[in-house]
Amino acid sequence: MQVQLKILRYDPERDQKPHWERYTVEAEPTAPLLSLLHTVKWEQDGSLTFRRSCAHGVCGSDAMLINGRNRLACKIRIDQLGSKVSIAPLPGLRVIKDLVVDMEDFFAKYRSVMPFQVDDGPMPARERLQSPEDRARYDDTTKCILCAACTTSCPSFWAKDSYVGPAAIVNAHRFIFDSRDEGAEERLEILADADGVWRCRTVFNCTDACPRGIQITRAILEVSSAIVERRV
Ligand code: FES
């Protein structure tokens, strides 16, 4: 089928402001959008700039605003989008060029919630054991690939970009509810800040945007509840 792509382009070294450019590409209906972007770049306009790596929904590098929704270009097929597709960079982040955004602030927020296991006890002779039930407690939030689709679809983040955002909270959740971890108190203290979990307005945009199907709003509410329970 013939697909018309409308892509928001911006080269800060050349353009005053972003502008739309249009391309027509022949594609199989089952093709992922990423392969059409490759066709444009390799056959029509080598200056088109976007991130991608695995092409299998694992690395999280090709999240973008596709037909008005944040999605991974490698996971969404043309037959899910139709013959006219608009593509823009993730909203709310500084554009470096075309579909490439500056992720540094996003990763700084991720790092701020201590996304690693804290355990200062003596090293066990073998691995730190955990029951299947305890492992299941945080299974959902282990699936995050840090694509930023959730945080950049959140109206609270658009309104105040100091909000730590859904992705950072998801990654805090993954350790807060890990029975082997001892850093929960510190993480909950960080997320009790004015720019922490309280900025969530349960709009569910993050949950809708997540390409891994993580129940993000529920995870945020579980972290909020944990903060309240500890204070009580
Ligand atoms: S290219 Fe890795 S998630 Fe799409």
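Trainee: How many cavities of 30 Å³ or more does the count come to?
Mentor: The model is a predicted one, and the count comes to 2 cavities of 30 Å³ or more.

Trainee: What makes a space a cavity and not a pocket?
Mentor: A cavity is a set of points where a 1.4 Å probe fits but cannot get out, whereas a pocket is an open set. The largest pocket holds about 170 Å³ of space.

Trainee: Which residues lie nearest the centre of the largest cavity?
Mentor: Its lining has 14 residues, and C144, C147, C150, C210 and I214 lie nearest the centre.

Trainee: How is the lining of the largest cavity divided by class?
Mentor: There are 13 nonpolar residues, 1 charged residue and no polar ones. Cys and Ile count as nonpolar, so C144, C147, C150, C210 and I214 belong to the nonpolar class.

Trainee: What lines the second largest cavity?
Mentor: The lining has 13 residues, with C154, C200, V203, F204 and C206 nearest the centre. Helix 8 (205–209) and helix 9 each supply at least two residues of this lining. By class, the lining of the second largest cavity has 9 nonpolar, 3 polar and 1 charged residues.

Trainee: Which residues lie nearest the centre of the largest pocket?
Mentor: Those are R51, G60, S61, M103 and C147, out of 14 lining residues. C147 is also among the residues nearest the centre of the largest cavity.

Trainee: Why is V228 called partly exposed?
Mentor: Its relative accessible area is 43%. Buried means under 20% and exposed means over 50%, so a value of 43% makes V228 partly exposed. The residue is in helix 9 (residues 216–231).

Trainee: What share of the chain is buried?
Mentor: Of the 232 residues in the chain, 46% are buried, that is, under 20% relative accessible area.

Trainee: How many helices and strands does the chain have?
Mentor: The secondary structure comes to 9 helices and 7 strands. The C-alpha atoms fill a box of roughly 60 × 35 × 30 Å along the principal axes.

Conventions. Residues numbered from 1 in each chain as written. Predicted model: local features only at pLDDT ≥ 70, side-chain atom pairs only at ≥ 80, totals over all residues. Heavy atoms only, no water. Helix = DSSP H or I, 4+ residues; strand = E, 2+ residues; numbered from the N terminus. Buried < 20%, exposed > 50% of the residue type's maximum accessible area, 1.4 Å probe, protein only. 1 Å grid on protein atoms, 1.4 Å probe; cavity = no way out; pocket = protein on both sides within 12 Å on 5 of 7 lines; lining within 4 Å. Points joined across faces, edges and corners; volume = space filled by probe spheres on them.
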